[in-house]
Structure formats: C-alpha cells, structure tokens
Amino acid sequence: MSLRSRIVLAVLAVFALISGAAGYLMLTRAEAGLQRAFDRATQTRAAWLLALVSVDPVVIPLPTETERMRVVYRSYGQRRELFRSPGFPGETSRLSNRTSHRSITVEGTPVQTPDGQLQLTLAVPDENLRQDIGRLRWVFGLSWMLSLILAFGAGYGVAGWLLRPIQRIVNQVDAINNTSAIDPIELPKTRDELYHLTSTLNRMLARIRESVEGQRHFFGAAAHELRTPLTVMKTGLQVTLKQGQLDAGTATFLSGQLEEVSRLTRLINEFLTLSQPDTIAPVLKLSAIDLPELLDNCLRQLASLTAEYGVTAVFDRSGFSDVILQTDALKLEHILLNLIENAVKYAVSDSVVTIRLQKSGQWRVRIENQTIRESGPTLDLRQAYYRADPFKEGHGLGLWITHRLTTLLGGTLHLDWKSHTFTSELSLPVSNPDSSTFSR
C-alpha cells in the first residue's frame with residue numbers, strides 16, 4: 001500500500017470516529033427531542049380529556065379508536081377505577097418505548113374534584129414516532145456514509161497534492177542513471193521537513209559520488225601501476241623462451257607462467273575499460289572472428305588448468321564448422337576464458353565440462369559443469385566483489401567482469417544452477433552492436 005493511501009486511510013479513520021461520535025450524540029438528542037414533542041402532544045390531549053371528566057355525576061369522554069384510556073379516582077384513601085378502555089396496555093411502569101403505545105398520566109386539580117383526585121392515563125400509538133426515529137437514523141447513516149466517501153475522495157486528492165514534492169524528489173532520484181552524473185536534488189522553497197529531507201539526500205548523494213569517484217580513480221591508478229611490471233615480466237619470459245637454451249621442464253614451467261602473466265595483463269586491461277565513467281562510451285575494436293576457432297584457442301590456453309583440476313573440457317560443435325562474428329575479439333576471448341575457467345575450477349573432479357554452440361535467433365555458447373552441491377544462488381555471482389565459494393576458493397571477480405563485458409558487446413549472460421549442474425549461457429547478437437561505440 002502506498003504512503004498516499006495509508007495517509008488517506010489514517011485520516012479517514014480519525015474522521016470516521018470523530019464524525020461518528022459527534023453524529024451519534026446529535027442523533028440521540030434529536031430522538032429525545034422527537035420523543036418529548038410526542039409526549040407533550042399526548043399530555044395536552046390527556047389534559048383536555050381529563051378536563052371533561054366529572055365524578056358526580058360520572059361523565060367520561062370517550063377516546064378515539066386508536067387511543068387507550070384509563071381514569072382512576074382517589075378519595076379518602078380509596079381508589080376507584082372509573083373507566084378502562086378495552087386493550088389498555090397495562091400499568092405505566094411496565095410500558096417502554098418499544099411497545100405499540102406510549103402512555104402519559106395526568107392528574108386533576110383540586111378545583112375539579114375538591115374531595116379527591118382524578119388521574120387519567122392516555123396510551124397513544126407510537127408507530128409514527130418510531131417511523132420518524134427510523135427515518136432519522138437512516139438519514140444519519142446515509143449522510144455519514146456519503147461524508148466518508150466525499151472525505152476519502154477529497155483526502156486522496158489533497159494527499160496527492162501534499163505528496164507531490166516527495167514524488168518530484170523520487171523522480172529526480174530515479175533520473176540518475178549512472179554514478180558519474182549525480183546532480184543534487186532541487187531544494188523546496190519552503191524550509192519545512194521536505195527541505196531538510198532533500199538537503200539530507202543531497203549530502204548523501206554527494207558522499208556516494210565522492211566514494212564512487214574515489215573507487216574508480218583507485219581502480220584506474222592501480223591498473224596503470226600494475227601494467228608496467230606485468231609488461232616487463234611478459235617481455236622477459238618471451239625473450240627467455242625464444243632463446244631456446246632451456247630444458248623441457250623449465251620451458252614448460254615458463255610457458256605456464258607466460259600464460260598467467262598474459263591472463264593478468266588481459267584482466268588489467270579490462271579493469272581499465274570498466275573503470276571509465278559510465279558517461280563515456282567504451283571503445284570496441286571490431287574484427288571478424290571465427291567463433292569455433294576462438295573456442296578451440298581458449299581450450300588450448302586452459303589445457304594446463306584442466307589438467308591441474310583433473311577435468312576434461314569437450315567442445316560440441318553440433319555441425320557448426322565456422323561462425324563468423326563481427327565483434328571485439330579480445331573482449332569476447334576474455335569472456336569465454338572466464339566462463340570456461342570458472343566451469344573448470346568449480347567442476348567435480350574427473351567430470352566433463354561441455355561447451356556447446358547453438359543458434360536460436362542469437363548465437364549461444366552454453367557451458368555446463370557438474371557440481372557437488374545440488375543448487376545455489378546465481379544472481380549475486382554477477383555482482384561486483386561477490387566472494388563466490390560454492391565449492392572451492394575463488395575471488396568472485398571473474399563472473400562480474402564477464403557480465404560487464406557481455407553487456408558492452410550487446411549480449412546477455414544467463415546463469416543457472418540446479419540438479420548438480422552449473423550452466424553458463426552466453427548469447428551474442430547476430431547483428432552488429434551500435435556502430436557509434438566501435439573503433440576499427
């Protein structure tokens with residue numbers, strides 16, 4: 001439920017309680033007023049009838065067909081009933097407002113009967129009174145319900161008007177698409193609670209911007225600092241291997257080190273790419289590549305890794321001999337190396353990592369490996385700095401970098417983990433990505 005609805009319902013509940021209590025008091029007073037008016041009219045009628053009564057000789061006026069009357073004469077301690085209408089409802093003390101008659105008793109004056117006292121009780125049908133009270137209650141209930149409906153409508157509109165500045169703040173925050181362009185929110189003109197809220201949000205956004213910029217600068221600076229020693233190491237290893245003066249064991253060892261240095265160099269280069277502000281479009285170097293050949297090359301580079309982990313990597317071409325794509329070869333190679341390396345590292349020993357090439361609207365590279373655990377989370381594996389440890393020790397940066405690079409190439413990366421199988425599916429567009437980001 002939205003804040004606007006909660007405010008309206010809270011105000012409506014308070015309004016309903018207050019208006020209901022006030023209306024109930026007014027209703028009870030109105031009902032009492034109708035009853036008093038009815039009793040006054042009955043009393044006037046009874047007094048008029050009593051004035052016509054005579055004891056000696058006995059003269060009794062007759063009531064109407066709907067009225068019921070009883071006349072009692074008290075004299076010298078004796079009580080004598082002079083008249084009782086057929087169907088008289090009973091004693092006055094036993095009558096109530098819900099009976100079919102409402103009774104009023106009046107007494108005569110000493111002038112009328114010097115030797116005694118006359119008492120006349122008149123019972124009049126109260127059907128009209130009950131109908132009037134029923135109509136009054138119905139009108140009150142209907143008016144109360146209509147007032148609640150009107151109050152809800154008016155309150156909803158007023159709440160929307162009052163919450164409009166908050167919605168404007170929400171829209172301005174939603175308009176922030178990247179961390180490089182966090183503009184401060186416009187402050188309200190009135191220095192109320194919204195002003196202080198907006199000012200607090202601006203300070204928080206400023207801290208976020210400074211933190212992101214600091215991380216990006218550190219990322220770029222660290223990558224630049226690491227490129228130089230890696231380049232020196234790579235050059236030294238290449239020169240040493242080309243001299244051909246090494247025994248077989250040492251050459252194999254240095255070749256493995258050269259592959260690791262090359263991998264670190266690619267990783268550093270991608271760090272530099274990802275450390276650029278979001279407002280700067282990344283530069284993609286397009287070239288025509290053969291996707292199956294690129295996959296074979298990746299498997300050759302990771303041959304020593306598969307042997308180390310005791311895993312067999314199999315590439316199932318499924319009839320695709322050559323697939324030519326126009327994309328950034330280095331970035332796609334880095335994506336494939338990361339996905340295959342992740343599958344190899346976290347696969348069950350002596351199992352098979354299967355790589356399949358499919359086409360269903362887009363080119364899809366599907367990589368599957370068997371796992372010890374039956375299932376696990378996959379969404380967080382694409383988040384930055386997530387330490388994924390489903391089976392073995394890992395840094396958690398590979399899938400995050402892969403996800404970012406896939407987005408740059410216009411593709412999608414889907415991860416699935418169930419039934420003891422971890423699946424990475426890379427989808428690559430058949431058409432070229434946006435040419436405005438390309439550099440040939």
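Let's start with two strands that lie side by side: S1 (residues 68-75) and S2 (residues 78-84) run antiparallel and are joined by six bridges. Keep in mind as you look that this is a predicted model. To find your place in the pair, pick out Val72, which stands opposite Glu81 in S2. The two strands form a hairpin with two residues between them. In that turn, Tyr76 has a positive phi of about 55°.

Next, move along to helix H2, which spans residues 127-162. Leu146 has its place in this helix. How exposed is Leu146? With a relative accessible area of 45%, Leu146 is partly exposed. Leu146 also belongs to a nonpolar surface patch of about 520 Å², made together with Trp138, Val139, Leu142 and Ile149.

For a contrasting case, go on to helix H4 (residues 193-243), where you will find Asn202. Is Asn202 buried or exposed? The cut-off for buried is under 20% relative accessible area, so Asn202, at 15%, counts as buried. Which residues does Asn202 touch, leaving aside its neighbours within four places in sequence? Asn202 is in contact with Pro184, Ile185 and Leu187.

Our last stop is strand S11 (residues 421-428), where eight of its eight residues are buried. In a regular strand, side chains alternate between the two faces of the sheet. You can follow this in S11: Thr421, Thr423, Glu425 and Ser427 point one way, while Phe422, Ser424, Leu426 and Leu428 point the other way, and all are buried.

Which strands pair with S11? One of them is S9 (residues 362-370), which pairs with S11 in the antiparallel sense over eight bridges. Here Trp363 has Leu428 in S11 as its bridge partner. Strand S10 (residues 412-418) also pairs with S11 in the antiparallel sense, over seven bridges, and Lys418 stands opposite Thr421 in S11. S10 and S11 form a hairpin with two residues between the strands, and Ser419 takes a positive phi near 55° there.

Technical notes:
Residues numbered from 1 in each chain as written. Predicted model: local features only at pLDDT ≥ 70, side-chain atom pairs only at ≥ 80, totals over all residues. Heavy atoms only, no water. Patch = residues over 30% accessible without salt bridge, like charges linked within 9 Å, V, L, I, M, F, W, Y side chains within 5 Å. Areas by Shrake-Rupley, 256 points an atom, 1.4 Å probe, with all protein chains shown as cover. Salt bridge = Lys/Arg side-chain N within 4 Å of Asp/Glu carboxyl O. Helix = DSSP H or I, 4+ residues; strand = E, 2+ residues; numbered from the N terminus. Buried < 20%, exposed > 50% of the residue type's maximum accessible area, 1.4 Å probe, protein only. Contact = heavy atoms within 4.5 Å. Pairing = 2+ DSSP bridges.
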